[in-house]
Every structure is written in structure tokens, then in C-alpha cells.
Number of protein chains: 2
Amino acid sequence: MSAELISELVALLGPARVLTKKEDLIPYGFDGTAALNQLPRAVVFPDNAAEVSALVKIARARRMPVVTRGSGTGLSGGSVPVENALVACLTGMNRIRELDTRNLTLRADAGVITQKIFETADAAGLFYPPDPGSMKISTIGGNVAENSGGLRGLKYGVTRDYVMGMEVVLADGSICWLGNKCVKDVAGYNLRDLFIGSEGTLGIVTQVLLKLLPKPAARQTLLATYASMDAAAETVSAIIAAKIIPCTLEFLDRKTVQCVEDYARVNLPLDSEAVLLIETDGHPSAVADEAQQIEQIARANGALTVRKARDAAEAAQLATARRSAFSALARRRPTTILEDVTVPRSELAKMIRAVQAIALKHSLDIAVFGHFGDGNLHPTILTDERNAAEMHRVELALKDIVDAALGLGGTITGEHGVGVAKKPFLKQQLGENSHALLKMIKQSLDPLGLLNPGKIFDFPVQENHTPKT
Amino acid sequence: MSAELISELVALLGPARVLTKKEDLIPYGFDGTAALNQLPRAVVFPDNAAEVSALVKIARARRMPVVTRGSGTGLSGGSVPVENALVACLTGMNRIRELDTRNLTLRADAGVITQKIFETADAAGLFYPPDPGSMKISTIGGNVAENSGGLRGLKYGVTRDYVMGMEVVLADGSICWLGNKCVKDVAGYNLRDLFIGSEGTLGIVTQVLLKLLPKPAARQTLLATYASMDAAAETVSAIIAAKIIPCTLEFLDRKTVQCVEDYARVNLPLDSEAVLLIETDGHPSAVADEAQQIEQIARANGALTVRKARDAAEAAQLATARRSAFSALARRRPTTILEDVTVPRSELAKMIRAVQAIALKHSLDIAVFGHFGDGNLHPTILTDERNAAEMHRVELALKDIVDAALGLGGTITGEHGVGVAKKPFLKQQLGENSHALLKMIKQSLDPLGLLNPGKIFDFPVQENHTPKT
């Protein structure tokens with residue numbers, strides 16, 4: 001990369017918002033995904049869409065790839081740079097622009113922390129449901145890029161279900177606004193939904209218009225423990241069959257329970273094969289009624305214990321058991337690889353058994369937790385990336401897990417994205433024709449392949465891709 | 001079009017499934033939209049995706065446009081043929097393929113009638129919420145192509161919110177399956193949502209996988225009448241502010257009430273300026289509580305009368321008042337032009353006043369009804385297409401209505417689609433850059449412009465577009 005390019009970026013943003021020294025670049029070489037790391041050439045901090053547009057044009061003129069990131073909490077390598085990339089870090093774009101209580105919308109810059117959106121809505125008696133595990137530090141732009149899920153997916157859906165509009169900078173630097181405050185809008189193709197979950201490969205989302213809900217008036221949290229995973233699975237089926245859609249229906253396996261208890265001390269019984277965390281919310285009498293039914297269903301399906309939170313503090317403690325699962329597991333071995341397969345809900349017990357068999361087959365330490373109600377599993381491989389032999393077995397196990405999920409009609413990623421980690425498996429899921437369709441879309445929106453290259457699929461890189469030096 | 005092309009189609013489908021005589025073609029020259037009519041060159045009735053693929057390839061080889069249709073109930077001209085088009089009518093593809101009660105999904109051919117999907121779900125204790133006005137005759141494929149709305153949009157969303165997957169035939173004849181039964185799936189770009197609402201211009205949807213909900217256990221219907229539209233609007237705001245999201249929140253203006261009463265005799269008070277039809281559903285005690293709150297709110301905001309249905313029969317009668325609005329209005333003058341603008345909910349009262357002023361300005365008979373909770377208005381112009389002078393005033397009024405909606409942050413179409421009717425206004429809403437983006441997508445998926453040409457926007461037609469004769 002020429003010194004002129006840096007000069008142009010400094011002229012645009014000022015020296016404080018352009019990092020080029022190796023020690024400054026290091027934190028931007030990785031995200032939350034194990035074993036991925038690549039230093040970028042420079043990191044810039046734009047303040048608004050006009051600056052993003054300008055820097056995209058500067059990079060494009062020299063065929064320099066642009067990799068967008070927020071807080072870098074991603075779990076599929078979606079924001080890990082490629083060589084010589086310019087990283088656009090949007091964390092400085094962190095203003096909430098508007099809270100419209102009449103239309104129940106909130107407009108925010110892409111760099112706003114997810115938790116701040118939740119809290120701003122909450123303070124106005126409103127509710128932003130998507131709650132990815134990293135919400136205390138993740139940015140809303142990252143959530144939109146990855147279409148993040150969370151613990152409330154079963155009843156409330158995922159990030160996509162709350163994006164009404166967005167400002168997006170395209171590969172040629174043009175700025176588009178997609179969507180509006182209308183609850184219904186069928187004017188033209190739905191391009192907003194195309195950008196959601198496109199992992200920074202089609203455009204750079206700089207602002208989002210979010211839909212909010214009235215805050216549920218009541219909530220009840222329950223924790224049930226089981227001697228077998230099948231009994232837990234039967235409980236979930238019976239709850240749905242009883243026409244109850246809880247907002248949260250999470251599970252932890254024995255290994256996860258042990259790690260969580262060791263880490264967070266929340267009085268989980270260590271001898272249970274499965275723990276379900278269940279939350280129901282809504283109208284107070286509906287919640288009371290549903291909580292009672294859930295308790296009965298859990299007991300009728302062989303729960304060892306059922307704990308109903310007596311107050312908000314106890315509910316928070318029970319939720320902590322699930323929310324701390326990843327951190328608790330991460331303490332056990334040097335490297336934590338968090339899988340994200342999802343299957344139709346009816347196949348979940350089969351999928352869990354398949355993971356247990358795969359752990360045995362490859363002699364690996366795999367804990368399992370996840371969103372039972374969504375069929376979204378997080379088999380978590382506890383390993384050590386310095387151990388080449390073990391890492392080879394991890395590779396084989398990952399492939400087996402993906403094969404098992406696809407064999408059950410599932411997906412290779414429920415909420416973490418394809419990024420780099422799942423790229424080898426995407427065609428197997430989508431089939432030749434659908435996979436080719438993705439590339440047609442990429443070709444039309446980013447023909448030079450400069451936006452977050454190497455993510456989701458390999459896209460032909462132009463000969464002049466390598467920056468001039 | 002050469003005789004060989006017809007021979008090829010007959011060889012593919014048999015003579016009974018290929019119509020070419022003028023008298024047979026007439027019913028396929030129009031849809032539910034006033035004043036649009038164009039005879040196709042032929043109509044074919046494929047039975048499955050493989051036949052759709054084959055006919056697309058036959059048409060493509062001769063650069064013949066393909067226009068897909070179901071029952072032809074569209075209200076924006078989305079299925080009106082162009083000259084020399086081959087119409088693919090999918091009404092013969094009408095099988096429900098699977099009802100999966102464990103995963104709450106239903107898979108159906110594109111030609112299945114919407115009502116049949118609702119009834120099949122209902123019989124299993126499940127619920128398919130989208131209920132477009134034409135659901136008794138519309139096909140699910142048409143609903144997906146137009147992303148149809150309905151009366152339950154406020155609480156339950158629109159067709160898009162219930163499509164988990166689809167089989168689609170692309171412009172080159174290749175067949176793709178997009179989506180699956182997973183509640184969460186972020187593997188690759190969301191192309192399913194791109195095809196939903198693309199009005200047959202990007203591909204031909206041949207099968208859909210739909211999401212179902214547990215059937216709400218209870219429902220309560222109320223009808224409130226008002227001496228002023230503002231009082232009705234205040235009621236709506238107050239209901240939302242009370243954190244109640246009714247499943248239905250519809251309104252009729254005085255003119256619509258009079259026509260409906262004349263047509264359906266449901267005892268509506270003829271002197272009211274506005275009528276609200278409100279339904280709440282869900283858990284029985286929540287419904288009872290909400291219905292009581294709604295009644296109090298309506299009265300506190302000046303309702304003249306509030307009627308609460310005592311039983312399902314009375315509820316059905318009250319809903320008939322709203323469901324028959326279009327038919328009732330259509331009896332009044334020879335030509336009925338149904339507008340479909342939508343504004344943010346907070347702007348709805350302003351928008352209704354704007355429509356009333358526009359009717360006066362252009363001396364037109366305009367009734368207004370629609371989905372108050374969604375901000376989705378149906379100003380209905382009662383006119384006569386044989387009266388050129390009046391039709392000119394209609395043109396001017398339509399433009400004024402669109403200008404007013406866009407001025408309030410609205411959209412030119414909430415649920416009927418762009419089709420031919422709204423094409424002149426699309427760029428005004430989207431802006432230059434977003435409008436150009438649509439064409440980029442079309443260019444990449446249908447570069448010859450053969451799929452439903454002339455809808456949504458004008459796309460450069462190839463020189464060799466005109467079929468060889």
C-alpha cells in the first residue's frame with residue numbers, strides 16, 4: 001500500500017483516526033473465533049456514512065479490500081481481516097439518533113452497543129428482544145451483519161425480525177437508505193433483508209431503524225433438571241404441544257452444568273444429565289398460568305427438580321447459569337471452539353446424541369448447550385490449538401457434526417454466521433444451484449470483491465486486487 | 001411465435017394444458033386491477049417444478065416473456081401479461097405436501113388456495129395468520145410473490161413472516177430450494193426474502209414451506225363507532241400506549257360504512273364518521289382483560305357506541321362488516337380503484353384528512369378503509385373508466401395521494417405490490433441509488449428480462465426479446 005493512500009485517509013479522518021503501526025493493529029487482527037488471526041494494513045474509525053463512503057472510494061481506487069468491524073465479538077471469523085486489508089471500525093459511530101414512542105421505533109448508528117439499545121427501549125417501557133450472548137459489548141451493526149440470535153428466539157425471533165430500515169454504503173461508495181417506519185411496505189425488492197446477515201460482504205451498514213415492542217408486563221423463570229436428555233427433550237415437545245411458546249427455552253448438558261457451577265455458583269445440581277432454563281413472559285395471568293403448566297409438564301416428563309424463581313433476583317441468577325455457559329467452559333482448556341449447528345426442533349435429541357457419539361469417536365472434550373426451543377445447539381469443543389494431533393481430531397469432529405446436522409435437515413449455522421469457519425461446508429448445505437445464486441448476487445453488488453473478501457464463499461479476486469506498493 | 005414453440009409446449013404438457021385460442025386466453029388477460037388488460041400468446045398449466053423449468057427453457061430459447069399467475073386476484077397488475085407472453089398458471093399445482101405438527105410447518109404447492117392452508121392448519125389446532133382479503137380464492141404462490149398482508153398484520157405480520165423456505169425456478173430454468181425447517185439459519189445470503197415480494201420478476205416460486213403458530217386459545221371482537229376520525233385515531237394511539245397489540249385494528253369511514261350496511265346489513269350506525277373493528281386474541285384471561293381495557297379506552301376517547309361480540313357468530317358478523325368493504329364499495333360505480341398507501345401509524349389521521357381533501361379538490365368519490373393499526377390505508381376511488389375526463393382527475397388524485405403518503409414518511413404500497421399500477425412512483429419513494437440497486441439485482445438474476453417484464457420498473461428489453469414468428 002502506498003504512502004499516498006495513508007495520506008488520503010489521514011486527510012479524510014485526521015491522524016488520530018488512522019492506525020498503521022503494528023502494535024496498534026494487533027487488536028484488530030482477530031475476533032471471538034479461535035485460531036484465526038491476520039493483521040490488517042490499517043484501521044480507520046469513520047464517524048458517519050459520508051466518511052465511510054469516502055474511505056470506500058479511496059480503497060476502491062487502489063483495489064484495497066475493506067473489512068468492517070464493530071466490537072469483534074463474532075464467532076465465525078466474519079470480521080477477521082485479510083492481508084493488506086483496510087479495517088473500518090465503526091465503534092465511534094455510537095449515537096442513538098431517535099426513539100419514536102408513537103411508532104415504536106429506534107434509530108441508531110451501527111456502532112451502538114446492543115445493550116444500550118435494550119436499555120434505551122427499556123427506560124421508555126419498550127422492549128428490544130434480540131439478546132445475543134455478547135450483547136453487553138457487541139454492536140448493533142455487527143448483529144445486523146451476522147443476523148444475530150439470542151435466548152429469546154423461539155418467541156421473539158432474531159435480529160432480522162426487528163430491522164425496519166438501514167443506511168448502507170455500497171461497494172462503489174454510494175449511500176442508500178432501505179426501508180422506513182411503515183409496518184407494511186412492498187415497494188420494490190426487499191433489499192434490506194438481503195443485507196441483513198450478509199456479513200459485510202455486500203455493503204457496510206452505517207445506521208439502523210429498529211422495531212420495538214411494548215415491554216411484557218410479567219415474566220416467570222423456571223429451571224428444571226433431568227436424569228436424561230430424552231426426558232428434557234420430551235418436556236420441550238410437550239410444552240409446544242400445549243400451545244405454549246416460552247420466550248426462552250435453553251438447555252445445558254452435564255458437562256456445561258459442572259463448569260457453570262464451578263464458575264458462577266448458582267446451586268445447580270451436579271448430577272443432572274440435562275438442565276432446562278425456561279422463561280415465559282407477557283400478560284400476568286397468562287404468565288402465571290403458563291408457568292404452572294410448564295412446571296406440571298416438566299414433572300410429568302420426569303424432571304428431578306423444578307425451581308420457579310420467586311423474584312427478579314432469583315430469575316436473574318437462574319438466567320446467569322445459562323448466560324455464563326460459554327465463559328465457564330472457556331476456562332477449562334486453552335482453546336474453546338463454539339459450534340452453532342441447528343436442526344428442526346423435532347430432531348434435537350437425536351442431534352445431541354450424535355454429538356455425544358462424535359466426542360467419543362474422536363476422544364474429544366465436547367460440552368453441549370444451546371437454544372432447545374430453536375433447535376440451535378452449541379457443541380463446544382474444549383481443546384488446545386497448540387496440540388496439532390488433537391486439532392486434527394477437532395477438524396474431523398467438526399465435519400462429523402456438520403454432516404449429522406445436515407442429515408437431520410439442519411443448517412451449519414443458526415446464529416453465528418458462515419464467515420471463514422463454516423465456508424467449507426456451505427455448498428454441502430445449499431446445493432450447487434443455491435450456492436451459485438449467492439455468487440451472482442455478490443457479483444452484481446461487489447464485482448471487484450473488495451468488501452470483506454474470503455467470507456461466506458471464495459469469490460474470484462481480480463488480478464489487480466493486491467494493493468500497489 | 002412459431003408453431004414449433006406451441007408444439008414443444010404441447011409435447012411437454014399435452015394439448016389440454018396449453019391454451020392458445022383467443023376465447024380461452026381472455027380470462028388470463030387481466031387480474032383484479034381496474035383498467036389493465038393484455039391478451040397473452042398462450043397459457044400453460046404446469047404440474048410441478050420440473051415442468052415449470054422445462055417451459056421456462058423453451059420460452060427462453062425463443063426470448064419469449066413468461067408471466068406467472070395464480071388466481072389473478074392481484075390489485076397492482078402484477079400478473080397482467082405483456083404482449084406475446086407465455087402465461088404460466090400454477091393453479092393446477094394445488095397439493096398440500098406435508099403438515100409437520102412437531103415443527104409447526106406446512107409445505108404446499110404454489111397453487112394451493114390460501115384459505116385451504118388456513119383450514120388445514122386450523123384442523124390440527126394450528127394457525128396460519130396471514131389473511132389477505134382475497135384469501136378464499138388467492139393462491140399461496142401469489143401471496144408470496146406479492147408479500148400479501150391482511151387484517152392481522154399488526155400483531156402477526158405479513159406473508160413474509162411465515163415463509164421458511166421455497167422452491168424456485170430461476171430465469172435459466174434451474175431449480176433451487178431456499179430455506180429449511182430450522183427456526184434459525186444464517187448460512188449464506190437470505191435469498192428467500194429476496195424472492196418474497198419480487199412479483200414474479202426474479203423467479204417462479206413453485207413450492208413453499210410455511211411456519212405455523214399454535215392457535216390462540218381465545219378471541220374477542222369489538223366494534224366501536226365515532227363522531228370523528230380524530231377520536232378513532234386517538235383510540236388507536238391509546239390502545240398501543242396501553243401496551244396492547246390487538247391482532248386486528250381496522251377502520252371504515254362514513255362512506256364505506258354506508259356501502260357496507262347497504263350491502264351486508266350488519267347493523268352499523270349510519271351516522272358515524274369512523275368505525276373501528278378491533279380483535280384481540282391469545283390466552284383467555286389476557287383476552288378478557290384486554291377487551292375490557294379496549295372498551296374503556298374507546299369510551300374514554302369519545303366512542304359513540306362500543307359493541308362487544310357475545311359469541312363467535314356475532315364476532316363473524318362484525319368482521320364481515322370489514323371484510324366486505326371492497327365488494328360493497330365496488331357496487332357503487334362501474335370502476336373501483338383500490339389505493340394502498342401506508343404511513344407510519346402516528347401519521348394515519350393526517351393521511352386520512354389528506355385523502356378527504358384530495359377527493360374534494362378533484363371532485364371524486366373516495367371512500368377510505370384499511371388497517372389502522374398498520375398505518376395501511378385503502379383510499380378507494382369509485383369511478384367509471386369510460387369517462388375520460390373523470391379518469392384524468394383520478395390520475396391527478398392518485399399522484400396527490402402518493403405525494404401525501406411519501407411526505408409523511410410512508411410507502412406507495414403497503415400490501416398490494418408495485419406491479420404496473422405503482423411503477424411510476426417507485427423511484428420517488430426509493431431514491432435514485434436504491435432504485436438502481438433493484439435493477440442491479442434484476443440484471444444479475446434475469447439478464448434477458450424475460451420474467452414478468454414491465455413490472456416494478458422498466459428493465460431494458462433485449463432487441464431479440466420479441467419472439468420469432
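Let's start with chain B, where 7 strands line up in an open sheet in the order β15-β12-β14-β13-β17-β18-β16, with antiparallel pairing. Two strands count as paired if DSSP finds at least two bridges between them, and the strands themselves (E, at least two residues), like the helices (H or I, at least four), are DSSP runs numbered from the N terminus. This is a predicted model, where local features need pLDDT of at least 70, side-chain atom pairs count only at pLDDT 80 or more, and totals for chains, interfaces and linings use all residues. Residues are numbered from 1 along each chain as its sequence is written, chains are lettered from A and ligands numbered from 1 in the order in which they are written, and side-chain values use heavy atoms, with hydrogens and water left out.

- At the edges sit β15 (305-308) and β16 (335-338) of chain B, and each of them pairs on one side only.
- On average, neighbouring strands in this sheet are turned by 15° against each other, direction ignored.
- Strands of a sheet pair through backbone hydrogen bonds, either parallel or antiparallel.
- Take β17 (residues 365-371) and β18 (residues 376-383) of chain B: they pair in the antiparallel sense over 7 bridges, and B:Asp365 stands opposite B:Leu382 in β18(B).
- Helix α13 (residues 348-361) of chain B packs on the sheet, touching β13 (248-253), β17 and β18 of chain B, where contact means heavy atoms within 4.5 Å.
- The direction of α13 makes about 10° with that of β18(B); axes are lines fitted to C-alpha atoms, for helices over the stretch in contact, and angles run from 0 to 180 degrees between N-to-C directions.
- Helix α10 (residues 284-300) of chain B lies across β12 (218-226), β14 (274-282) and β15 of chain B, running at about 5° to β12(B).

**The sheet of 4 strands in chain A**

- Over in chain A, an open sheet of 4 strands has the order β1-β2-β4-β3, with mixed pairing.
- Its edge strands are β1 (18-19) and β3 (66-69) of chain A, each pairing on one side only.
- β1(A) pairs with β2 (residues 42-44) of chain A in the antiparallel sense over 2 bridges, with A:Leu19 opposite A:Val43 in β2(A).
- Helix α3 (residues 49-61) of chain A lies across β2, β3 and β4 (86-89) of chain A, at about 175° to β4(A).

**How the two chains meet**

- A rotation of 180° with 0.0 Å of shift along its axis puts chain A on chain B, with an RMSD of 0.0 Å, using least squares on the C-alpha atoms of residues with pLDDT of at least 70 in both.
- The two copies are thus related as by a two-fold rotation axis.
- Each side brings its share: 78 residues from chain A and 78 residues from chain B take part in the contact.
- The copies meet through the same surface, because 100% of the interface residues of chain A are also interface residues in chain B.
- Together the chains bury about 6,000 Å², 63% of it on carbon and sulfur atoms; buried area is the accessible area (1.4 Å probe) that two parts lose on being put together, summed over both.
- A:Lys184, A:Val186 and A:Tyr189 supply 16% of the area that chain A buries against chain B, more than any other three residues.

**Salt bridges**

- A salt bridge here is a side-chain nitrogen of Lys or Arg within 4 Å of a carboxyl oxygen of Asp or Glu.
- A:Lys184 forms a salt bridge with B:Glu415, the closest N and O atoms being 2.7 Å apart.
- Within chain A, A:Lys308 and A:Glu295 form a salt bridge, with closest N and O atoms 3.3 Å apart.
- A:Lys308 lies in strand β15 (residues 303-308) of chain A and A:Glu295 in helix α10 (residues 284-300) of chain A, so this pair ties together parts that are 13 residues apart in sequence.
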